[in-house]
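Opening the notebook on a new model today.

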Amino acid sequence: VDEAIACYRKAIELEPDHANAHFNLGQALRRKGDLVGQAAAYEKVVALRPDDAEAHNNLGSVLHKKGAPEKAIAEYRTAIRLKPDFALAHTNLGGALGEKGLLDEAIAALKEAIRLKPDYGQAHTNLGVALYGQGKLDAAIASFRAAIRLKPDDALTHTNLGGALGE
């Protein structure tokens, strides 16, 4: 990864407005866990290519991890506006809204993600968490079970299902 990062940085040095190099740098820095570097890379991409839904989604993810959920939500919404069928952005939006306690909005976003990509386990897990937060245990359990069918090795989803079943 370090060698790839060096290559992307050299490309950016040679051509500062090379959006793909900035995007790829952000991806490589994600593998290194460098949130500050990722944020800077994706901010540059969205400045250069404001219509890049994936870059907005990735920037949202970084901002969310950095503890800026309002900014993350705005980036996810931009990604969805640019690419309405972007299931990952709907899932990320739902997760961020759920963490903010905006459960009705979170559920709507997550249901849309599942409509777009029914086999996306993370969307089912996040939907289960939001439903659980509303006290809708049967629906939460159904969502967790759907997620486990799709990703049976996800320990967190098993834990979430256990918590719901234990209520």
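Started with contacts, meaning heavy atoms within 4.5 Å. Of those between residues at least 6 apart in sequence, 42% join residues at least 24 apart.

Ground rules before I go on. This is a predicted model, so I keep local features to pLDDT of at least 70 and side-chain atom pairs to pLDDT 80 or more, while totals for chains, interfaces and linings use all residues. Residues are numbered from 1 along each chain as its sequence is written, and side-chain values use heavy atoms, with hydrogens and water left out.

**Overall build.** I looked up the secondary structure and got 10 helices and 0 strands. Helices here are DSSP runs of H or I with at least four residues, strands are E runs of at least two, and both are numbered from the N terminus. Along the sequence the pattern reads α-α-α-α-α-α-α-α-α-α. The C-alpha trace spans about 60 × 30 × 25 Å along its principal axes. Of the 167 residues, 47% are buried; that is under 20% relative accessible area, with exposed over 50% and partly exposed in between (1.4 Å probe, protein chains only).

**H5.** Checked the length of helix H5, residues 69-82. Its 14 residues should span 20 Å at 1.5 Å a residue, and the end C-alpha atoms are 20 Å apart, which agrees. The expected span is 1.5 Å times one less than the number of residues. I listed the buried residues of H5 as Pro-69, Ala-72, Ile-73, Glu-75, Tyr-76, Thr-78, Ala-79 and Ile-80. They pack against helix H4 (53-65) and helix H6 (87-99).

**H5 against H6.** How do the axes of H5 and H6 cross? They come within 9 Å and cross at roughly 155°. The axes are lines fitted to C-alpha atoms over the stretch in contact, with angles from 0 to 180 degrees between N-to-C directions. That makes H5 roughly antiparallel to H6, the label for angles over 145 degrees. From H5 the contact uses Ile-73, Tyr-76, Arg-77, Ala-79 and Ile-80; from H6, Ala-89, His-90, Asn-92, Leu-93, Ala-96 and Leu-97.

**Glu-99.** I found Glu-99 in helix H6. With 61% relative accessibility, Glu-99 counts as exposed. Glu-99 and Val-129 sit 30 residues apart in sequence, and their C-alpha atoms are 9.7 Å apart.

**Leu-110.** Moved on to helix H7 (residues 103-116), where Leu-110 has its place. Is Leu-110 buried or exposed? Leu-110 is buried, at a relative accessible area of 0%. Leaving out residues up to four places away in sequence, Leu-110 touches His-90, Thr-91, Gly-94, Gly-95, Ala-123, Asn-126, Leu-127 and Ala-130. I also took the distance to Glu-15: 95 residues apart in sequence and 39 Å in space, C-alpha to C-alpha.

**H8.** Last helix for today is H8 (residues 121-133), with 13 residues. From first C-alpha to last, H8 reaches 19 Å, close to the 18 Å expected at 1.5 Å a residue. Its buried residues are Gly-121, Ala-123, His-124, Thr-125, Asn-126, Leu-127, Gly-128, Ala-130 and Leu-131. What covers them includes H6, H7, helix H9 (137-150) and helix H10 (155-165). Noted too that Gly-135, which follows H8, has a positive phi, near 80°.

Methods:
Angles under 35 degrees count as roughly parallel, over 145 as roughly antiparallel, 65 to 115 as roughly perpendicular and the rest as oblique.
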